[in-house]
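Hi,

Here is the structure I said I would pass on. Have a look, and my notes on its salt bridges follow below.

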Amino acid sequence: LSQLSIQKQLIWANVINEAIDPYIDEIAFTIANLSVQHLESDFSYTQLVSENAELIYDIDGDLNYVEVLDYGTSLTDGDYYSTTRYWKEDANGVLQQIEVPRDIYYWYIVHPKITDEIPSYIDPAHSESNSTHNNNIADPPLGMFWRNFLYNHNDAGYPKLKYMLQNCDIAWNGTNLSADNAVGATENWIAQSMVFTSDNERPHQPVRIYRKHIGRCGEHADLRAAALRIALIPGTSILTISTDHTWNEFWDEEWIHYDGGSVNNPLLYENGWGKVHASVFEIRSDGVLNPVSERYSGEYATFTMYAFDGEGTPIDGARFILGVRDGTDIR
């Protein structure tokens with residue numbers, strides 16, 4: 001807040017101060033972890049932050065396989081927090097309840113930003129600029145937030161995600177993406193809602209991606225991560241720029257590979273597609289990149305690199321570019 005203008009400090013502090021349980025922690029976390037640039041911009045909406053938190057609890061009331069847990073209250077506990085608990089099947093078909101670590105809940109369910117889109121209200125009918133990705137931001141009710149739009153709305157001739165999730169009694173069965181588990185429901189919904197192709201417009205906003213009903217790996221990964229978070233299942237995006245691909249992971253006591261109909265098969269790209277990754281990383285909603293190459297390669301190396309000036313002092317903000325040979329090309 002100290003990095004914001006006085007006017008914006010008051011606006012966002014009042015959003016926290018006026019929040020009530022059980023939404024206060026989700027609202028405070030979101031404001032604390034949206035960028036200063038976004039909070040200062042005309043693209044940020046105070047009502048979106050509140051709507052995001054309220055929708056989590058509204059959706060929780062619809063679903064059988066998951067529940068939001070609130071530990072303590074803001075009035076009585078100095079370390080009150082929330083998380084989720086879900087039902088799953090183990091390898092023997094036995095039902096278990098699993099509680100999500102609270103940091104995973106906040107970062108990978110609560111945070112309203114998926115990867116590189118602007119967390120705002122989007123007009124689904126408006127084409128999205130490939131350069132700015134902000135020209136389809138619009139005030140409600142014309143503009144819609146992805147957690148609300150994708151859950152409660154379906155275009156004519158397409159299934160509604162809400163109804164598909166309501167038919168699920170477990171989050172995942174540990175083996176496949178069947179329609180009776182929530183992860184499988186997200187995949188079935190995307191398979192029935194999207195065609196794998198593209199035109200000149202390459203949107204980043206889940207609302208616009210859905211309305212177009214087409215996209216390649218980038219659009220599918222954004223939409224898949226949004227659907228997982230709507231389903232109250234922690235979800236994130238995995239990127240490998242060197243081989244120009246992106247996919248997802250969801251959390252089930254550990255991070256599980258998820259790419260369309262392929263699940264828990266992280267060596268798919270090396271062993272099945274013949275890809276050689278330079279690096280693979282997970283992108284957190286605030287832009288932090290976490291390396292995950294060891295999960296997606298049978299063999300990998302770790303490089304530790306240093307940059308010093310002429311006096312042996314570390315150089316602040318140094319950028320390294322590592323080249324990897326791919327046939328006759330260097331990526």
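**Salt bridges**

Lys88 pairs with Asp252 in a salt bridge, with 3.2 Å between the closest N and O atoms. By salt bridge I mean a side-chain nitrogen of Lys or Arg within 4 Å of a carboxyl oxygen of Asp or Glu. Lys88 sits in strand β2 (residues 81-89) and Asp252 in the loop between β7 (245-251) and β8 (255-259), so this pair ties together parts 164 residues apart in sequence. Helices (H or I, at least four residues) and strands (E, at least two) are DSSP runs, numbered from the N terminus. Lys88 and Asp252 are both buried; buried is under 20% relative accessible area, exposed over 50%, and partly exposed in between (1.4 Å probe, protein chains only).

Bear in mind that this is a predicted model, where local features need pLDDT of at least 70 and side-chain atom pairs count only at pLDDT 80 or more, while totals for chains, interfaces and linings use all residues. Residues are numbered from 1 along each chain as its sequence is written, and side-chain values use heavy atoms, with hydrogens and water left out.

In total, the structure has 11 salt bridges. Another one joins Lys212 and Asp199, at 2.5 Å from N to O. Lys212 is in helix α9 (residues 206-212) and Asp199 in the loop between β4 (195-196) and α9, 13 residues apart. Lys212 is buried at 16% relative accessibility, whereas Asp199 is partly exposed at 39%.

Then there is Arg208 with Glu201, whose closest N and O atoms are 2.8 Å apart. Asp199, Glu201, Arg208 and Lys212 belong to one network, joined by salt bridges that share partners.

Cheers
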